[in-house]
Amino acid sequence: MTHPRGKYQSPQPKRGWVPLFFLDEAVGLAAGHRPCHYCRRADAARFMEAWHDGHQCLAGSVLTPEVDKCLHAARVTRDREQVRHKAEASSLPDGAFIQLAGGQPALIHGDRALPYRPGGYAPPVTRPMGVVNVLTPKPILPVLSAGYLPQLHPSAAQ
């Protein structure tokens, strides 16, 4: 739906969600979003299990609204700028996004980095060494480390 002034209006305004679409789940996680409980219930449950494991929470002690609040604070500044941080490339789990030299975003996938393109991933390059700029918000990294494997675009398998 389009708002009369041209802004997107959620088809479920009382539920407080807006449908978002990304190349794949890894890109969505890098943008600071979790799987949807409405349309991807099983993946959302796996994500929450990995959240509890990765953050060492007692089972059931953290609810989705708290996770959403944490993710929002970790993904964007008050000025609506993406929050980025630095980490040792070798310490990053598969599924994390980094910036390659020159600012190109790339997915960490084993010993490779897959440069991101809007239509799919470019051919892999060697995983960088040393400290890199990380695009995936900090609270999602322990979730990936705890074994949550995001769904990837078919181009990631090439």
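Q: Hi! What counts as a helix or a strand here?
A: Helices (H or I, at least four residues) and strands (E, at least two) are DSSP runs, numbered from the N terminus. This is a predicted model: local features need pLDDT of at least 70, side-chain atom pairs count only at pLDDT 80 or more, and totals for chains, interfaces and linings use all residues. Residues are numbered from 1 along each chain as its sequence is written, and side-chain values use heavy atoms, with hydrogens and water left out.

Q: Which side chains does D43 pair with?
A: One is R40, at 2.8 Å from N to O, and another is R46, at 3.0 Å. D43 and R46 sit three residues apart in helix α2 (residues 41–54), about one turn of the helix. A salt-bridge network links E25, R40, D43 and R46.

Q: Is D43 buried or exposed?
A: D43 is buried at 13% relative accessibility, where buried means under 20%, exposed over 50% and partly exposed in between (1.4 Å probe, protein chains only). R40, at 22%, is partly exposed, and R46 is partly exposed at 35%.

Q: And what does D94 pair with?
A: R127, with the closest N and O atoms 3.7 Å apart. D94 is in the loop between β1 (85–88) and β2 (97–99) and R127 in the loop between β6 (125–126) and β7 (131–134), so they tie together parts 33 residues apart in sequence.

Q: New topic: where is S155?
A: S155 is in the segment after α4 (141–145), and is buried at 10%.

Conventions:
A salt bridge is a side-chain nitrogen of Lys or Arg within 4 Å of a carboxyl oxygen of Asp or Glu.
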